[in-house]
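Keep the sequence at hand.

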Amino acid sequence: MADRIFAAITLLIVVAYGWAAFMIIKAPFQYDPLGPESWPRILSVLAGLCCLWIIFKPDVDKIDITHNVLVRLVIMVVLLLGYAYLFEHAGFILSTTGFCIGAAYLLGAKPVHALIFGAATGIIGYVLGAKLLALNLPAGLFKSLF
Amino acid sequence: MDVILSGLGQGFAVALQPFNLFLVLAGCFFGTLIGALPGIGPINGVAILLPIAYSLGFPPESALILLAGIYYGAEYGGRISSILLNVPGDAGAVMTTLDGSPMAKRGEAGRALSLSGVASFVGGSVAIVLLTLFAPALAAFAVKFSPADYVALMVFAFTSLASLVGKNGIKTLLAAAIGLMIASIGVDANTGVMRFTLGSPELMAGIDFLVIVIGLFGMAELLHLVESYARGTLKTLPVDSTFVSWADIFAVKWVMLRSSIIGFIVGVLPGTGASVASAVSYGTEKRLAGESGKSFGTGDIRGLAAPESANNASASGAMVPMLTLGIPGSGTTAILLGALLLFNITPGPMLFQQKPDIAWGLIASMYIGNVALLVINLPLVGLFARLLTIPQQYLTPMIAVLAFIGVYSVVGDPFDLYLAVGLGVLGWVLRKLEFSLAPVILGVVLGNLFEDNLRRALSISGGDWSILLQSSNSLILYGLAILVVALPIVISRMLKARQNKAV
């Protein structure tokens, strides 16, 4: 069933992709026999056939996952999205510290340990990354300090 | 032969420069480190460290040497978590757990680790020598390939992928198609037409290769670790003081040699990497051992040496098509190929002539790296094993931090951070549904090359599709493609028939 749902969703995307390839994409003028639309057309047909095959002959029946695991995964994804949002807005040090505290706590670290780990990763990470390796990391709120 | 010797000389001159030598060693060390971490295989390790290596601003040959060092190191390190934790770092290490983990359980972890280290070294060395001999010849031959031949080569690559990788060929094919579709997003280089950008300026240049790699491998790996944590913690076996004896090494010398050659050949086949190589060599050795093969799976040293030699040999074998044809032999070499493209270097038959520093420097660094790995691994195995005791709750967030540093420092756009997280979820779902991820990344890397060659071939013929079947090179490749699909089916039928007879 899980297979079928995934294949059906993918098929919808492939149909949208194919629709764009067959109906919309067009070069205003071209000299070559194959335009920008030909390759996507071939791909959409191939991918569509694969999806149909999986819908008719699925082999993974059920994703083996418990409620508890799923909740943790969703929290992790939310943490990651929050990290992505804050990365530039709050800067590397604050966002990394926050994310590491949250993630370590989620995975069972003691609050105090999570706090130390988060702060250490944020600060040491910034010094190593931005100062030592000269990588492009957002300084954010601590701009004036460094 | 002269070409090879002078090439090697030039290569060693590059690889032995103090800075590059340092990078080989650093790459090997960090590679082993990251490979030894539970659950993180070579492909994830290279994926996570690639953007950082790229943004350090090294010259291309140095960055590539560093990445290749990480790649080999991770192949070496992967065995540590297979043996001590019974958790394979990636599909290629599954076979190592079969005999490695029972040995560790009976108190021979040290012997298992050191023997597998030697087996890895033999596999790596045999394959590098073969690579040195064959790569230039293949490159010289491939220079004459026409666009139509390249199309045939791609068809061969994707069919061997679908036939040999993963349990379900159709799923592998769909995974490759998804990769090819991702590659088609962005401005079409020939006509300047927008494709599938949905009007978003962020997608005009396409989805950055690094973001895809980090998302599909790094982020998906992170979610996988969260999942395995939530299911219960992993247990580590201690390393003891047992060590491999010369008698052990002599007992498996032919096993290692045969497995190295099998591993190299499988590695050269486009698309199939360490997982197929180790499975094939393990099966072969088990069958060759006959009656005594019954002890395979219970901690037989032959069953440990075979897959370890094979997967390291395939790691070098996979470099052959990548360097000479521009078609990666495995998921990890697909990432290395992407790294070359980032440096504006297009691997292919001309690489040996136009950028000999890079091609030969890389090969020479493989010789050095292989020796360095043996030297690092035998005495330091206890240190690496201690890494396995790093608690998951600190290791897992570190992966995300490294991934974000990598994406941001190269692309510098927060939009790509979201994209990486989204791709991570997609990668996790694909893994859950038993799709393999390597075909996706191969599709992404080869998408433009495939399309360009098809369009070029048809431009030459003026739109006549029969050009694809005209040259003898392409006909041979299509023949091989059919063979790759048909052989496994025929062989499994034959085995079944024989089994029925025996019963």
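F352(B) and W360(B) are both buried. The model is a predicted one.

A search of the whole structure finds 21 aromatic pairs over all chains. One of them joins Y71(B) and Y72(B), and this pair is stacked. The ring centres lie 5.3 Å apart, with 25° between the planes. The pair counts as stacked because planes under 30 degrees apart fall in that class. Y71(B) is buried, at a relative accessible area of 1%. Y72(B) has a relative accessibility of 9% and is therefore also counted as buried, since the cut-off for buried is under 20%.

Now return to F352(B) and W360(B). Their rings form an edge-to-face pair. Here the distance is 5.5 Å centre to centre, and the planes stand at 80°. That angle is over 60 degrees, so the pair is edge-to-face.

Ring pairs also build a cluster that draws on chains A and B. From chain A come Y83(A), F87(A), F92(A), F99(A) and Y126(A). From chain B come F404(B) and Y408(B).

Next, look at two helices of chain B. Helix α6(B) covers residues 109–142, and helix α13(B) covers residues 301–317. They pack at an angle of about 35°, and their axes are 7 Å apart. The crossing of α6(B) past α13(B) is right-handed. On the α6(B) side, the contact includes R111(B), A112(B), L115(B), A119(B), G123(B), G124(B) and L131(B). On the α13(B) side, the residues include I301(B), L304(B), A305(B), E308(B), N312(B) and S316(B). What is the make-up of this contact of α6(B) with α13(B), in nonpolar, polar and charged residues? The residues divide into 10 nonpolar, 7 polar and 2 charged.

F196(B) is not a glycine, yet its phi is positive, at about 55°. F196(B) sits in the loop between β2 (194–195) and α9 (209–230) of chain B. Is F196(B) buried or exposed? F196(B) has a relative accessible area of 15%, so this residue is buried.

E434(B) is another residue other than glycine with a positive phi, near 65°. Its place is the loop between α19 (414–432) and α20 (438–461) of chain B. With 38% relative accessibility, E434(B) counts as partly exposed, because this class lies between the 20% limit for buried and the 50% limit for exposed.

Notes
Residues are numbered from 1 along each chain as its sequence is written. Chains are lettered from A and ligands numbered from 1 in the order in which they are written. This is a predicted model: local features need pLDDT of at least 70, side-chain atom pairs count only at pLDDT 80 or more; totals for chains, interfaces and linings use all residues. Side-chain values use heavy atoms; hydrogens and water are left out. Rings of Phe, Tyr and Trp (its six-membered ring) pair if their centres lie within 6.5 Å; planes under 30 degrees apart count as stacked, over 60 as edge-to-face and the rest as tilted. Buried means under 20% relative accessible area, exposed over 50%, partly exposed in between (1.4 Å probe, protein chains only). Axes are lines fitted to C-alpha atoms, for helices over the stretch in contact, and angles run from 0 to 180 degrees between N-to-C directions. Helices (H or I, at least four residues) and strands (E, at least two) are DSSP runs, numbered from the N terminus. A crossing is left-handed if the near helix is turned anticlockwise from the far one by less than a right angle, and right-handed if clockwise. Contact means heavy atoms within 4.5 Å. Ala, Val, Leu, Ile, Met, Phe, Trp, Tyr, Cys and Pro count as nonpolar, Asp, Glu, Lys and Arg as charged, and the others, Gly among them, as polar.
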